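Hi,

Here is the structure I promised to pass on to you. Have a look at it first, and then read my notes below.

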Amino acid sequence: KRLMCLDKAGRIALLANATVGLNLALFGFPFEAGDIVVTSLSEHNSVLRPLYALEKRGIIKTVFVPTDKDGRIDEAVWERTFKDNRVRLAVFTHASNVTGAVNDAEKLTKIAKEYGAAVLLDAAQSLGLVEARPQQWGVDLVAFTGHKYLLGPQGTGGLYVREGVELMPHLVGGTGIYSDAEEMPAEMPLRLEAGTGNETSFAGLAAALRWAEENPLDSVALNAMTDRLKQGLQEAGAKVIAPAGLKTPVVSFILDGILSDEVGFALMQGYDIICRSGLHCAPKIYDCIKYQCGGTVRLSLSRFTTEEEVDEVIGAVRQIAEGGIF
């Protein structure tokens with residue numbers, strides 16, 4: 001509630017992850033056949049695949065907006081898309097999980113609302129790190145996860161639903177009360193919280209949120225560490241995606257002549273460095289950022305990352321670039 005500056009915590013349904021939240025939002029939204037949904041080419045499969053499913057059922061038509069080379073939605077193209085289409089719902093990621101570029105959610109929402117569209121924000125990659133004020137901005141729905149910048153356990157997340165927006169429950173079942181009703185309760189969050197929740201992990205998430213509030217993130221230091229890693233990787237021979245403006249501490253790179261999967265495997269197996277490689281569940285973004293190489297290697301920094309770890313990664317990538325895979 002405090003992180004999103006909300007008046008009512010009861011508008012947040014606690015769920016297993018952001019994917020469940022996005023599914024509940026998209027499959028539960030009161031679409032009418034032929035409605036248009038606008039989204040971007042930087043979206044995660046947790047958005048793309050529900051949209052594909054809805055299209056196959058003949059419920060919606062999806063219109064994709066490209067991003068710039070940093071993976072950020074172009075606001076002028078975004079607005080033009082709304083001028084050219086009668087849009088029912090806009091859904092976009094707050095921050096790219098491939099490049100780290102943060103979209104101006106307030107401005108994109110303002111444009112969508114001016115043309116009468118509802119807005120679903122995917123905050124899985126941003127909540128806890130980047131300011132989010134959905135109630136102030138007019139965002140209708142926000143999906144989030146607990147295990148990233150909220151520092152909680154895996155298996156936690158949720159969906160914020162603005163007051164006045166009613167979703168048809170995609171999951172139905174027991175709620176512990178109103179047991180004689182044939183349908184899910186109308187009140188939030190019970191309407192979207194079918195079955196027994198992961199109470200133990202939610203307790204862990206609550207503890208993590210309290211700890212984070214007592215130990216504020218030093219964003220200046222984290223940004224400096226991220227920039228240091230990017231510069232070091234470039235000096236080591238890597239091509240690094242370095243978006244301008246506001247960004248998360250995600251670093252994606254490639255080495256010419258070596259597949260990203262091979263680089264990732266070498267880092268993990270040869271140097272015990274945790275990373276991800278490939279398309280990162282966001283396959284459409286690569287045409288926009290001009291990385292046609294089977295994806296990238298992605299490193300994610302946190303408040304716990306040390307300078308020694310950054311130096312170790314830079315040294316490992318330099319060795320791999322010079323031909324020493326292990």
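Two residues are in contact when heavy atoms of theirs lie within 4.5 Å. Among contacts in the protein chain between residues at least 6 apart in sequence, 68% link residues at least 24 apart.

A word on the source: this is a predicted model, where local features need pLDDT of at least 70, side-chain atom pairs count only at pLDDT 80 or more, and totals for chains, interfaces and linings use all residues. Residues are numbered from 1 along each chain as its sequence is written, and side-chain values use heavy atoms, leaving out hydrogens and water.

Now the overall picture. The protein chain has ten helices and eleven strands (DSSP runs numbered from the N terminus: helices are H or I with at least four residues, strands are E with at least two). Its radius of gyration, taken over C-alpha atoms, is 20 Å, close to the 20 Å from the globule rule (2.2 Å times the number of residues to the power 0.38) for 326 residues, so the chain is as compact as a globular protein of that length. Along the principal axes, the C-alpha atoms fill a box of roughly 65 × 45 × 30 Å.

E8 pairs with E9 (residues 250-254) over two bridges, and Lys239 stands opposite Ile254 in E9.

Enjoy exploring!

Definitions and conventions
Pairing = 2+ DSSP bridges.
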